[in-house]
Amino acid sequence: MSKYDVCVIGAGPGGYVAAIRSAQLGLKTAIIEREYLGGVCLNVGCIPSKAMITAAHFLHRAQHDAPTMGINIKGIDLDMKKLVGWKQSVCDRMSKGVEQLLKGNKVEIISGEAKFKTTSQLEVKSSKENIIVEADKFIVATGSRPIAIPGFDIDENEVCSSTGALAMETLPKKVVVIGGGYIGLEISSYLAKLGSEVEILEAGKSLLAGVADKDCVQVVARKLKKLGVKVHFGAFAKNYKKKGKSFEISAEVDGSMKTFTSDKILLTVGRKPNSDEMGLKDIGVQIDERGFVKVDPQMRTNHPNIFAIGDIAGQPMLAHKASHEAVLAAEVIAGHNRVYDAKTVPAVIFTDPEIASAGMLEEECKAAGYNDLKIGKFPFAANGRAVSMMEAEGFIKMIADAKTNILLGVHIVGPEASNLISEAVLAIEMGARLEDLALSIHPHPTLGETMMEAAEATLGHAIHMIQKPLKSKGPAGPSARA
Ligand code: FAD
Ligand code: NAI
């Protein structure tokens with residue numbers, strides 16, 4: 001039997017980060033992983049999907065933008081098998097990097113599937129042996145898995161989750177994607193750019209409802225249409241049958257039954273936490289009605305020696321949230337006086353263009369009691385760098401409290417939104433006012449200038465845009481700071 005100060009279960013961006021931080025803090029640490037170091041994120045999630053998105057964008061630009069720039073590329077050809085091989089090499093490299101980091105920090109890596117026997121003991125089963133692991137503290141970071149719906153069992157062949165979709169070595173001619181959320185939209189965008197005909201069946205009345213700013217979503221919806229992606233709202237897929245090499249999918253769309261044909265079916269209707277596994281209920285760990293392990297602001301479950309982080313510990317199911325909670329849990333275990341106090345978890349949807357947000361949506365600001373808001377937008381079409389990149393679709397929208405000019409939310413749709421949003425995160429965390437962004441010198445010519453001009457626009461005086469005087473009261477701009 002092995003005994004540790006800390007035992008982490010699951011080596012995703014929650015688990016491996018928790019293990020490294022625990023070891024850095026001088027704790028004898030083990031990490032148990034049943035499948036792949038780096039978890040969903042590095043192996044079948046964030047990294048492979050972004051690799052495919054990058055490649056598809058590259059192809060699309062070579063086909064559609066390069067000729068406008070006078071670059072005529074002849075004989076462009078897609079080798080899907082090679083592309084998937086390259087994507088896998090990216091994942092393998094990242095996963096190997098995690099292994100080196102864990103070993104370099106003297107974290108013991110145990111391969112196998114863990115299950116709690118008691119609140120202080122785990123059984124780990126692998127093809128080689130079964131062992132018992134004891135620890136003073138456990139950090140559960142076992143993540144989530146795709147949800148299936150009646151009539152559609154995920155077999156990663158006929159009906160694929162994101163995992164199967166990312167591994168397809170042949171580009172399907174026609175794809176039906178059930179669920180137009182994060183995964184559905186990211187995968188639909190890249191498949192359409194690679195050359196598939198894509199139809200999305202979305203149960204809701206709009207894309208990304210309640211998740212992203214409505215104006216931002218409209219820009220992406222327009223681009224999806226341009227890419228040939230058809231979206232059906234109010235659509236519930238019921239079942240499918242094989243017809244030759246293709247499938248016929250029956251779905252209720254706005255109350256009437258319709259049939260869709262496709263060569264692959266992608267099921268992307270959400271993910272659920274893996275809290276029904278590894279004996280958590282048997283040892284009395286409390287789990288909420290949505291399946292998330294209940295934790296306090298220090299990521300502790302109802303058992304004081306068991307912590308939970310990442311996808312299993314609640315929304316949003318995002319890698320950076322998992323890693324943030326990981327460091328917090330490790331530091332709490334090491335005796336640091338910390339609680340979860342992040343003001344915002346940024347979110348990025350890697351569509352074309354990308355959508356990124358930090359802070360509150362307009363409706364959330366109102367629900368939180370901010371009745372007088374200043375809202376401003378600055379378009380990428382007025383930014384020299386965006387135009388010179390031929391990627392000038394979209395805008396940055398800022399929302400501030402009109403009484404104080406304190407920034408409440410930033411919503412970006414446009415080029416490099418994923419990178420631009422970090423400035424907004426810092427601003428919101430520091431309680432910045434619009435003037436802090438407007439008066440910070442941003443280098444030219446960069447997409448970052450759009451952030452400065454969006455702040456100026458919200459104050460009513462962007463330079464590269466004609467603006468009407470602001471009606472709302474409150475501090476008016478830089479002079480109000482003196
Ligand atoms: P995971 O990464 O799921 O890791 C859990 C690990 O625990 C797994 O390796 C699993 O094998 C292991 N495990 C489970 N049970 C046991 C057990 N009993 N014993 C031993 N090991 C066990 N998020 C972003 O922030 N940005 C993105 O761009 C993004 N893109 C995504 C794209 C896709 C296609 C998908 C599916 C997800 C994406 N996500 C993205 C979400 C992100 O992957 C998750 O939020 C993140 O991986 C959660 O990290 P985690 O450590 O909680 O769990
Ligand atoms: P999701 O929750 O983002 O979207 C699911 C969509 O499916 C919703 O629009 C929902 O209305 C729809 N839906 C639900 N049931 C349906 C049904 N029966 N028929 C048709 N539509 C239905 O879930 P998704 O896309 O599976 O992603 C899971 C999670 O993974 C995300 O919520 C996010 O946390 C994470 N993720 C993050 C990414 C990023 O950060 N860029 C990328 C991919 C995933």
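## Helix packing

The crossing of H1 and H4 is left-handed, meaning that the near helix is turned anticlockwise from the far one by less than a right angle. In this predicted model, local features need pLDDT of at least 70, side-chain atom pairs count only at pLDDT 80 or more, and totals for chains, interfaces and linings use all residues. Residues are numbered from 1 along each chain as its sequence is written, and side-chain values use heavy atoms, with hydrogens and water left out.

H1 and H4 (residues 80-104) pack at an angle of about 25 degrees, with their axes 9 Å apart, and they are therefore roughly parallel (angles under 35 degrees). Tyr-16, Ala-19 and Ile-20 of H1 make the contact with Val-98, Leu-101 and Leu-102 of H4, where contact means heavy atoms within 4.5 Å.

## Nonpolar cores

The largest nonpolar core has 51 residues, and those with the most contacts inside it include Leu-102, Phe-116 and Val-140; such a core is a set of buried (under 20% relative accessible area, 1.4 Å probe, protein chains only) Ala, Val, Leu, Ile, Met, Phe, Trp, Tyr and Cys residues joined through side-chain atoms within 4.5 Å. Its largest share, six residues, comes from helix H1 (residues 15-24). A second, separate core of 37 residues includes Met-52 and Ala-165.

## His-320

His-320 lies in helix H8 (residues 319-333), and its side chain reaches the backbone oxygen of Pro-346 at 2.7 Å. These two residues are 26 apart in sequence, with their C-alpha atoms 8.6 Å apart.

How values were computed:
Chains are lettered from A and ligands numbered from 1 in the order in which they are written. Buried means under 20% relative accessible area, exposed over 50%, partly exposed in between (1.4 Å probe, protein chains only). Helices (H or I, at least four residues) and strands (E, at least two) are DSSP runs, numbered from the N terminus. A polar contact is a pair of N or O atoms within 3.5 Å; within protein, one must be able to donate a hydrogen and the other to accept it, and residues adjacent in sequence count only if both atoms are side-chain atoms. Axes are lines fitted to C-alpha atoms, for helices over the stretch in contact, and angles run from 0 to 180 degrees between N-to-C directions. Angles under 35 degrees count as roughly parallel, over 145 as roughly antiparallel, 65 to 115 as roughly perpendicular and the rest as oblique.
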